[in-house]
Each structure stands twice: as C-alpha cells, then as structure tokens.
Amino acid sequence: MDRSKLILLIHTIKHLRLTQVYYQLYYLIRNKFFKKNYKKKLQEKISPLHWNDSFLYHNTFKVNNTFTFLNLTHQFTDNIDWNYPRNGKLWTYNLNYFDFLNQKQISKDEGLKLIKDYLKNEDNLNDGKEPYPISLRGINWIKFLSKNTICDVEINQVLYNHYQTLIHNLEYHLLGNHLLENGYSLLFGAYYFKDEALYKIAKRILTKELTEQVLNDGGHFELSPMYHQILLHRLLDCINLVKNNLWKQDGLMIFLEDKAVQMLSWLQAVTYHNGNIPMVNDSAYDIAPSSHQLFEYGNYLSLQWSEIALSDSGYRMFNVGNYELFVDVGNIGPKYQPGHAHSDTFSFELYIENNPIIVDVGTSTYEKNELRLQERETASHNTIKIDDYEQSKVWDGFRVAQRAKIIDIKEDANQVEATHNGYKKLGILHTRIFLTKTSEIIIEDIISKESDKQQIAFFHFHPSVKELQISSVGVYLSNEDIQIKFNKKILKIEEEEYYYALGFNKREKAKKIKVYFNTFLSTSISIK
C-alpha cells in the first residue's frame with residue numbers, strides 16, 4: 001500500500017467506533033473459519049398478520065421475467081439469475097429486496113411464483129444472503145404473505161431461517177441505517193412468527209438506534225433526505241404493524257410514534273413546495289417514497305406533527321417571497337459512518353416559483369468508480385474550492401478521510417453565517433454568509449487570508465436553464481429572468497457543461513459557471 005493510501009485509511013479508520021472494528025474482525029474470522037448455516041425448525045403453524053398497504057411501489061417487475069431497477073432493465077430469457085451481476089451490486093440488491101411483491105400491478109399467483117423460484121435457488125444465493133437484503137426482503141415477504149392470506153410451510157421455514165441468519169450477522173460493523181433496517185425487519189419477523197427472541201433484539205436495536213439516529217430537529221443523522229424518506233417509510237410501516245396486530249403492548253408503540261412525528265416534521269421543513277427534496281449527499285430521484293406519500297401515510301396512522309426549527313441536521317430552509325433557498329451549514333454526518341456524505345459544506349439549492357434553478361449535481365451511481373468520486377467531490381457542489389484541495393476527502397465509494405468542520409455559526413430569521421476549517425492544511429478558513437431579502441439573495445464568501453492558491457465558486461444550474469448570458473461581473477439567466485452579479489474584483493467567469501443526475505444511471509447535460517476570485521466574493525441573486 002502506498003503512503004498516500006495509508007494516510008487516507010488512517011484518517012478514515014480513526015473515526016470508527018470500537019464496535020465496528022470488533023465486528024469487522026469478528027465476522028471476518030468467523031465466516032472464514034467457522035461459517036455455518038443458521039437453521040431452526042418452526043414448531044408451530046404460522047398465521048398471516050393483519051396488513052393494509054398505505055401505498056404500493058412502482059412496477060419494477062413486468063411480464064416475461066423482466067425487471068427494471070435504477071433505470072436499468074433486464075429480461076431473464078431462461079431462469080431468473082438471482083445473483084445477476086452485470087448491472088452492478090445495487091441492482092442485484094434490488095432484485096433480492098422483492099419490493100415488486102408489493103407493487104401496483106402484480107397478482108397473488110405471480111408473486112407466489114417468484115418466491116417459489118427464489119426458494120429453488122436458496123443454496124446458490126450470494127448477495128441475497130447478506131443481512132441488508134435479508135432485512136428488506138423479510139418485510140416484503142411478510143407484507144405479501146399476510147395481505148394475501150398465504151400459509152405456506154416451506155416459505156415460512158425459509159423465511160425463518162433467513163431471520164436466524166440475520167440475528168447472527170447484524171450489521172454492527174456498519175451501524176447507521178443498515179443496523180436500523182435490521183431492527184425494523186426483526187420487528188416484522190417477531191410479529192409474524194410470534195417470536196420473543198426476535199422481538200427482544202428488535203426492540204433493543206430500535207430503541208437505541210432511533211434515539212441516536214433521529215436528531216433533535218427530526219433529521220436522520222446521515223443527512224440524506226432520500227434515506228430519511230426511506231427510513232421514515234419503514235418506521236411508519238412498523239407503527240402500522242404494531243397498531244393492527246395486538247401481540248405486544250409494552251410502550252414501544254408510543255416511542256415509535258414519537259420518532260415518526262419528529263421525522264415527519266423535519267421532512268416537511270425541507271421539502272420544496274413542488275414536492276421535491278434537496279438532492280444533497282446521497283439522494284436520487286425515484287428511489288424513496290415521495291414526501292406527499294409519507295405525509296398521507298402519517299395521516300392514515302393518525303399521527304400529528306407540526307413545524308420544527310431546523311438545527312442539528314445543519315440544514316436551513318428559507319421560504320421568502322416566491323423562492324426557496326436550502327443551505328448546508330452543518331458538519332458531515334455521523335463521524336463513524338459518513339458513507340453517504342459528500343464534500344459539500346456551504347452548498348445550496350435555489351427554487352424560484354416552484355422550479356429548480358441552482359441545484360446539487362445529485363447521485364447517479366453507487367459503483368466504486370470515477371463518476372462516484374466526481375459526484376461527491378467539492379467541485380460538484382455550489383460552494384468554494386481552493387486549488388486542488390478538497391473540503392472533505394471522499395474516496396473509495398463510501399469513505400471519507402479528512403473532514404471539514406463547522407467552527408462557528410451565527411444566524412437569525414433571514415441570515416446565517418458560518419465558518420469551516422476544511423482548508424486548514426493551507427492555514428485557511430472559509431466563511432460564507434447567506435442573507436435573504438424579498439427579491440434578492442446575497443451570498444458573501446470570505447477567505448481568511450491572502451493566498452496565491454486558486455479560489456473558485458461553483459454554481460450548477462438545472463437543465464431547464466437553457467441559456468446563460470455572461471458579462472465581466474455577472475450572469476443573466478434569460479429564460480428565467482434572473483440576474484446574478486458579483487463584486488467587481490472577480491478575476492473571471494467560465495461557463496462549462498456538467499451532467500445532472502435525474503436518478504441512478506440517468507443523467508442530463510446542464511450548465512454551470514466557475515467564478516474565480518481572490519479572498520472575497522460577493523454574490524447577489526436578483527429575483528423578480
């Protein structure tokens with residue numbers, strides 16, 4: 001291993017919890033030398049649960065064994081290969097989640113046939129036997145079996161075996177949303193099998209993880225609005241489960257409802273008026289349920305939430321006049337699990353009259369490649385980059401080494417000012433001020449000392465912004481009638497193209513500008 005890679009690894013590992021290190025080593029040694037199958041015979045006949053869907057998924061399974069995930073379609077002309085690798089690991093994971101059992105158009109017979117086919121391939125499964133897909137598949141199978149009143153001894157036995165595998169491979173080596181998903185699924189398994197051991201583990205995980213992972217302002221601590229929606233959906237499912245199946249009455253319901261109310265309040269605060277969420281950190285279109293669906297689900301469960309002030313998540317939303325300004329003035333998510341974080345301190349998004357204008361580049365892949373690194377780097381966000389230095393060093397798909405840290409923040413109703421130390425190697429601090437007025441946004445960037453290092457401000461425009469008219473001190477968005485002006489001492493403005501992520505494996509060309517400056521940049525966005 002070369003020295004630079006070693007330094008990256010050290011700066012990454014030092015943030016891990018001892019629990020993660022222990023379980024990484026424990027699972028590595030156990031699975032190599034003591035790997036075993038976890039099978040435990042069911043003693044009683046299983047009765048389906050009471051289950052009512054609040055909403056159904058998009059159709060990802062179609063006739064003739066055709067599946068579409070992540071905007072990639074594949075038809076299995078012979079048998080379904082549940083280990084199919086050619087569209088990437090995340091596509092294979094989606095195939096093994098079985099969300100399609102609960103999609104809008106699928107019959108009982110079609111769903112049962114797919115499960116039976118999976119059982120035939122039980123001994124050859126690879127990715128599908130990992131704890132994360134086991135967790136999601138368990139919930140989907142239980143929902144489907146319950147609402148269709150299917151009592152099948154073989155299916156139930158395999159499902160129970162999968163839960164035995166899960167409890168011996170809980171994702172303590174990762175923690176974060178993975179362990180929380182394990183807990184959600186174990187609660188479904190516990191109720192379905194009336195299993196006290198599964199329930200005890202589920203309750204312990206959910207109580208501990210939701211307490212830690214749901215911040216005081218209701219945001220999920222990994223700071224991805226998409227994952228927030230996903231995890232809130234699962235939490236609402238758990239409340240739905242407990243409300244409609246009176247097996248346990250021990251106070252867990254009250255705890256789950258309290259966390260759901262917090263998460264609904266945060267989601268309401270960051271959702272744009274047109275229903276979109278900010279595409280910050282690892283967020284992508286058409287993966288999670290929409291905010292509207294989740295609000296309807298919350299109402300269906302008789303949950304009551306209210307407005308909440310954004311704080312701990314580090315995000316702020318300004319709704320002024322006819323625009324919405326979303327800004328990031330927080331730290332990277334949990335120190336020990338920043339896998340979905342981007343190098344985006346002080347980035348922002350701007351919507352005017354419900355239309356996206358200045359946007360985050362978004363996420364189009366989880367594959368460990370150059371595109372993944374590019375979409376996470378500083379230059380892919382609406383913030384300041386100094387020379388070739390990154391605010392936070394993202395690398396290897398889901399890792400972060402050195403991280404920018406907020407060292408000062410001041411704010412009032414229409415302004416926020418913060419400073420980060422992401423360029424401390426250069427002895428430089430970056431301060432950004434957002435000031436919001438009825439028809440104008442002023443952004444000031446202050447570099448703490450004179451430097452011969454190149455300083456660039458990036459502004460990424462939505463693909464709907466078709467034409468930019470650039471002058472020596474600003475840019476005019478002609479089709480949007482928006483003017484952006486900079487202070488007269490800027491060095492130059494360059495226009496370039498970039499690719500905006502419309503979803504996984506789906507991108508569209510758009511325009512961006514790079515504003516070169518020295519020490520101080522004042523940006524005025526006039527909105528009519």
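This briefing covers the nonpolar cores, aromatic pairs and charge-over-ring contacts of this structure. The model is predicted. Its largest nonpolar core holds 108 residues. A second, separate core has 42 residues. The aromatic pairs number 44.

**Nonpolar cores**

- Leaving aside residues up to four places away in sequence, Leu187 touches Tyr199, Ala202, Leu206, Cys238, Leu241, Val242, Leu252 and Leu256.
- The second core is separate and includes Leu350, Ala457, Ile484 and Ile513.

**Aromatic residues**

- There are 44 aromatic pairs. Trp82 and Phe98 form a stacked pair, because their ring centres lie 5.1 Å apart and their planes meet at 15 degrees, under the 30-degree cut-off.
- Trp82 sits in the loop between β3 (72–75) and α3 (89–97), and Phe98 in the loop between α3 and α4 (108–120), so their pairing ties together parts 16 residues apart in sequence.
- Trp82 has 1% relative accessibility, so it counts as buried.
- Phe98 is buried too. Its relative accessible area is 0%.
- One aromatic cluster includes both Trp82 and Phe98. Among its other members are Phe61, Phe67, Phe69, Tyr84 and Trp141.

**Charges over rings**

- Lys248 lies over the face of Trp247, 5.1 Å from the ring centre.
- Lys492 lies over the face of Tyr516, at 4.7 Å from the ring centre.

Notes: Residues are numbered from 1 along each chain as its sequence is written. This is a predicted model: local features need pLDDT of at least 70, side-chain atom pairs count only at pLDDT 80 or more; totals for chains, interfaces and linings use all residues. Side-chain values use heavy atoms; hydrogens and water are left out. A nonpolar core is a set of buried Ala, Val, Leu, Ile, Met, Phe, Trp, Tyr and Cys residues joined through side-chain atoms within 4.5 Å. Buried means under 20% relative accessible area, exposed over 50%, partly exposed in between (1.4 Å probe, protein chains only). Contact means heavy atoms within 4.5 Å. Rings of Phe, Tyr and Trp (its six-membered ring) pair if their centres lie within 6.5 Å; planes under 30 degrees apart count as stacked, over 60 as edge-to-face and the rest as tilted. Helices (H or I, at least four residues) and strands (E, at least two) are DSSP runs, numbered from the N terminus. A charge sits over a ring if NZ of Lys or CZ of Arg is within 6 Å of the ring centre and within 35 degrees of the ring normal.
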